[in-house]
There are 2 protein chains.
Amino acid sequence: MNGADYLCDSLLANQIDVCFANPGTSEMHFVAALDRKPQMRCVLGLFEGVITGAADGYARMAEKPAATLLHLGPGLANGLANMHNAKKARTPMINVVGDHASHHSCYDAPLTSDVEGIARPMSHWVKRMATPAAIGQDVAQAVEQASQAPGNICTLILPADTAWTELEHQAEPVLAKPAARQQTSADAIKAAAKAIRSGKPALLFLGDVALREDALEIAGRIRQHCQVDILAEGFIRRMSRGATRTPIEKLPYPVDAACARLAHVKHLILVGSKAPVAFFAYPNKPSLLAPNEAEIITLASAEQDLTHALHALADELGVPANTPSYRLPEPRDTSIPTNGTLNGKAISQILAKYLPENTVLCDESISEGRDFMRYSLQAAPHDYLQLTGGAIGLGLPMATGAAIACPDRKVISLQADGSAMYTVQALWTQARESLNCLTIILANRSYATLHGEMRNVGVTQLGSNAKRMLDLDLPYLQWTQLAHGMGVPAVKVDSIETFTQALSNGLQAQGPCLIEALI
Amino acid sequence: MNGADYLCDSLLANQIDVCFANPGTSEMHFVAALDRKPQMRCVLGLFEGVITGAADGYARMAEKPAATLLHLGPGLANGLANMHNAKKARTPMINVVGDHASHHSCYDAPLTSDVEGIARPMSHWVKRMATPAAIGQDVAQAVEQASQAPGNICTLILPADTAWTELEHQAEPVLAKPAARQQTSADAIKAAAKAIRSGKPALLFLGDVALREDALEIAGRIRQHCQVDILAEGFIRRMSRGATRTPIEKLPYPVDAACARLAHVKHLILVGSKAPVAFFAYPNKPSLLAPNEAEIITLASAEQDLTHALHALADELGVPANTPSYRLPEPRDTSIPTNGTLNGKAISQILAKYLPENTVLCDESISEGRDFMRYSLQAAPHDYLQLTGGAIGLGLPMATGAAIACPDRKVISLQADGSAMYTVQALWTQARESLNCLTIILANRSYATLHGEMRNVGVTQLGSNAKRMLDLDLPYLQWTQLAHGMGVPAVKVDSIETFTQALSNGLQAQGPCLIEALI
């Protein structure tokens, strides 16, 4: 038994049985050990951004971390952007990053780099596995850290000699101690209740697991009974949505719209959320989106038991147990366009109408899919996963990981074209693993968000340099060809009729497929 | 004039007139400023690894840095792997990384991260441009640092408010002071000469610009006159090769072969190189490749004037000025196979035979293209650029940047399939810019190097997990479709006849094209 075997055993004993991997030479002993453990599902990605994004999507749905296997500093570096998204989502993740044998690091070989230094900005916790005998403890500690609510990014560095060295004695895995979420304080509950009772406009601002079905249901009951407003954070790890769930809006992305949405609020009550801030700063616009005079009260932080906190608040407010939760006052118009121009709005309407029950919807639609949130309020119940940290290129990997976690559910990516290109290699993993992933590429052939932002900075007429940095034309990307190149069936559509038909086909298909929607 | 304008002016005044860019919202003022400066050539990449790899290839050929434009921490993170390669190559590079406005950084917005922390492991020099008025000095300092021989990676962080703030007074660019390479010492020259005269086997071990035509010519004259061995470092930024140049081998990659190549050496003389170390460590194999008893002498370091050092050494050794440089003792057999199985060796032979004069050859062929070095010793004169830091995914971006630097030369990528996938988005930039890039994909459909490394760790029979991490099958990548998807004409070949024809067509083509060679 060498260190690599001990590492595999330790991961498996802690219920970590999926490893998204892109290994290299320094990890060969670990690969050999994984090869001796068929219980570990190893999923290859052809680029490390796919690996870390898939681990994020997997953990969002499986409610436990996956392992990643990355090759030295540069392999880790390639995975950082989606680790950043996972860090902002507070998704649990355990990265195993190979490094040179400890005696080799001093020689500045070509692949030598500061692995700790690379890991730290995007990790909550970093540890070098210095000796094979301590691997059991190291893994248990990583699992405890990763699983600590709301979730943490843990990076374990595996020197090649730690992997290849034989242990002196057979070693047993160490089991991580489970950590329950702490309950919020009675004072916090009283303060929130007092604010709601004050008669001045109060808002329950929900984040993290307060956006899951059970917690939302209670928030909706409080809303019904107390006429308190409810609102979700703008960027969401996972939310329960659809007709049988309590409907809730997200905080709008544009600063002006967000400020307008919050303008009336006198008491902003945080439930697993943070006080809302602008995504970007702009000259003469605020960073903090709530009105200056609003009182900010923390009912419970994301580290705490949010469902309990909402229950306790409902009790404190005297919400009768049989109060029905909030629902939309009247059914929304679910008619859909059957002809006319294909655009993001039409796609959102049609997708919402035909969304299968229990879909996992991965949203990296950026500018073109914003209408989906509105039209899908009464869609079939589904889980909604979103780009969280603003590092575009999460969508396709996240869908890949979610599909590994939920083999019996349809996973649909509502995906901007520019963003999809960052980690386009995910399509190959979807094909290799025969994942039930349907990708809808919203092909507007530009970085449309940036066109809007250029107008925001006062540029109304783009010159050649700006066009060359903002437009994805000359040549147009051919998404059907890209998908076929990676083994994913694909079709290009440019009308409402052909999109509707392609969606129908895609929803019936087993395995991955892609719709390139020209809008 | 705002800070962004001043930054553009400062770059242009310092002859930095190419910017490889992937901007985001926080860089919109800089994009607007670039739009006002058509002298700056802005080249969009659809993923940041393309940007930094292209900046590397550009600087290797243009002998001056390009600028990159990257979007906050995650955009920088996506560019790190190819910054790593450039750092190991000692290529000059100036990264401009946007960041949040300084007053916004404290709010932990979704895209907030530790930009300095992300930059440092792959940069030689990092500076935050804190005030618009200091931008001129900041840029001059960055250019000086980047251009300091042998070359450095400099990262300038541009807070959005530094970019958007109007300067109080019109500001002039500050010009970087040119820094000449220092000459090596007389003692170093005498020590190297003494070692060569000792009669014991000595080796001139050449790196950096000692591998350019003029320096190689002198090394070859010393070899001819003194019977001293010459050898190139294993991983090379740029080397002058072909029939009219002094032929030189590279140090082999496998540890055993490298040790065997150096076994006879008693005096290892470094000329812009470092003492040779193993690429990876293996159990019971050495990290240092030269024999323990070999004396290591530095004639000149990469910071110094290597051509002068070799001239001075030749003078010290009394090499007559008219000594012809070393050439191969007899013409190599340049016959090529005309039928039979297509493999890396056949491709190497055929490519070497038909290589156009003045080609820029970008080598990321990993396992399958190793024969090219041997067969191309008497090919038409060409420049050879190689993956330097072991972070695969440099090849296609490097070719892209080299073609921007050398619009009148053919750029050929000899490219492994697994490695090409990491930064496959480079093909789109080649199409967009109509670059004269011919890509030969050596499609062995596996991480073939890792199969060899698995045998090295004693695994002869792969199980399912290992196969799933090492083989690029199920599904096969279809490179012609991937290329067509990004606007690059492509053809798939599987025989010597069809490869030879495709190569002939590709060499005549203007603009990019790709040959998928099934081997």
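## Basis of the model

Residues are numbered from 1 along each chain as its sequence is written, and chains are lettered from A and ligands numbered from 1 in the order in which they are written. Because the model is predicted, local features need pLDDT of at least 70 and side-chain atom pairs count only at pLDDT 80 or more, while totals for chains, interfaces and linings use all residues.

## Domains of chain A

The domain assignment divides chain A into domain 1 (3–164), domain 2 (188–316) and domain 3 (344–518); such bounds come from an automatic or database domain assignment. Between domain 1 and domain 2 of chain A, the C-alpha centres are 35 Å apart. Six residues from domain 1 of chain A and five residues from domain 2 of chain A make up their contact, where two residues are in contact if their C-beta atoms, placed from the backbone, lie within 7 Å. On the domain 1 side, three residues are nonpolar, one is polar and two are charged. In this division Ala, Val, Leu, Ile, Met, Phe, Trp, Tyr, Cys and Pro count as nonpolar, Asp, Glu, Lys and Arg as charged, and the others, Gly among them, as polar.

## The six-stranded parallel sheet

In chain A, six strands form an open sheet with parallel pairing, in the order 2-1-3-4-6-5. Strands (E, at least two residues) and helices (H or I, at least four residues) are DSSP runs numbered from the N terminus, and two strands pair if DSSP finds at least two bridges between them. Strand 2 (41–44) and strand 5 (125–128) of chain A are the edge strands; each has a single partner strand, so one side of each lacks a neighbour in the sheet. On average, neighbouring strands of this sheet are turned by 20° against each other, direction ignored. Axes are lines fitted to C-alpha atoms, for helices over the stretch in contact, and angles run from 0 to 180 degrees between N-to-C directions.

Strand 4 (residues 93–99) of chain A pairs in the parallel sense with strand 6 (residues 153–159) of chain A over seven bridges, with A:V96 opposite A:L156. Helix 6 (residues 135–147) of chain A packs on the sheet and touches strand 4, strand 5 and strand 6 of chain A; its direction makes about 160° with that of strand 6. Five bridges also join strand 4 of chain A to strand 3 (residues 67–71) of chain A, again in parallel, and here A:V96 faces A:L69. Strand 4 of chain A is largely enclosed by the rest of the structure, because seven of its seven residues are buried. A residue is buried if 20 or more other C-beta atoms lie within 10 Å of its own, exposed if 12 or fewer, and partly exposed in between, with C-beta atoms placed from the backbone. A:M93, A:N95, A:V97 and A:D99 cover one face, and A:I94, A:V96 and A:G98 the other.

## The mixed sheet

A second open sheet of chain A has seven strands in the order 9-13-12-14-15-17-16, with mixed pairing. Its edge strands, strand 9 (239–241) and strand 16 (490–493) of chain A, each pair on one side only. Strand 15 (residues 437–443) and strand 17 (residues 513–518) of chain A run parallel, paired over six bridges; A:L438 has A:C513 as its bridge partner. Helix 14 (residues 395–405) of chain A lies across strand 12 (359–364), strand 13 (382–386), strand 14 (411–416) and strand 15 of chain A, at about 175° to strand 14.

## Core and buried sites

The largest nonpolar core has 383 residues, and those with the most contacts inside it are A:V271, A:A402, B:V271 and B:A402. Such a core is a set of buried Ala, Val, Leu, Ile, Met, Phe, Trp, Tyr and Cys residues joined through C-beta atoms within 7 Å.

In chain B, B:A502 belongs to helix 20 (residues 496–508). B:A502 is buried, with 21 other C-beta atoms within 10 Å. Not counting residues up to four places away in sequence, B:A502 touches B:V491, B:V493 and B:I515.
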